[in-house]
Amino acid sequence: MEKPIIIIDDDHDDLEVFQQTINDLNFKNEVISFNDPYKFLDFIRTSDKSFAFIMCDINMNTMDGLELKKLLHDDEALRMKCIPFIFWSTSKATPTIREAYSYNVQGYFVKPSTVHELKEMVSSIIKYWNFSQNPNS
């Protein structure tokens with residue numbers, strides 16, 4: 001059984017498109033989505049599940065993705081869950097990308113502008129992380 005994927009984005013349309021893309025590509029990973037980073041934090045702090053990866057938007061209203069990743073990075077218990085963390089964003093700004101990697105993210109992807117590009121990107125990411133192992137697998 002494939003591990004669940006967590007997606008965090010305050011844009012409901014992006015959450016739906018991501019879910020539909022996974023369905024269209026016939027991946028069996030459950031998608032657990034959050035439109036509020038605080039609800040995600042409540043969930044991840046109490047979950048004992050293993051996850052394929054976390055995909056998080058950067059530009060969100062209540063807490064941006066960089067702040068969220070810093071909280072995860074600075075919390076030893078959450079960091080030791082070893083859940084791969086990937087950003088997806090509309091931003092191509094080098095300082096933002098640099099800051100993202102300073103928190104040890106495993107990827108930074110710019111949201112594609114076409115459905116075909118999105119399917120290619122999502123397919124590649126899921127295939128990679130479905131094969132990858134981590135200490136908590």
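Reply: Let's start inside the sheet, where β1 (residues 5-8) and β3 (residues 53-56) run parallel and are joined by four bridges. Strands here are DSSP runs of E with at least two residues, helices are runs of H or I with at least four, and both are numbered from the N terminus. Two strands count as paired if DSSP finds at least two bridges between them. Within this pairing, I7 stands opposite M55 in β3.

Before going on, a word on the source: this is a predicted model, where local features need pLDDT of at least 70, side-chain atom pairs count only at pLDDT 80 or more, and totals for chains, interfaces and linings use all residues. Residues are numbered from 1 along each chain as its sequence is written, and side-chain values use heavy atoms, with hydrogens and water left out.

Now zoom out a bit. The sheet is open and has five strands with parallel pairing, in the order β2-β1-β3-β4-β5. β2 (31-34) and β5 (107-110) sit at the edges with a single partner strand each, so one side of each has no neighbour in the sheet. On average, neighbouring strands are turned by 20° against each other, direction ignored. For angles like this, axes are lines fitted to C-alpha atoms (for helices, over the stretch in contact), and the angles run from 0 to 180 degrees between N-to-C directions.

What lies across the strands? Helix α1 (residues 12-24) lies across β1, β2, β3 and β4 (85-89), at about 175° to β2. Helix α2 (residues 37-46) lies across β1, β2 and β3, at about 150° to β1. Contact here means heavy atoms within 4.5 Å.

The structure holds seven aromatic pairs; rings of Phe, Tyr and Trp (its six-membered ring) pair if their centres lie within 6.5 Å, and planes under 30 degrees apart count as stacked, over 60 as edge-to-face and the rest as tilted. The rings of F18 and W88 have centres 5.5 Å apart and planes at 70°, so this pair is edge-to-face. F18 belongs to helix α1 and W88 to strand β4, 70 residues apart, so to speak a link between distant parts of the chain.
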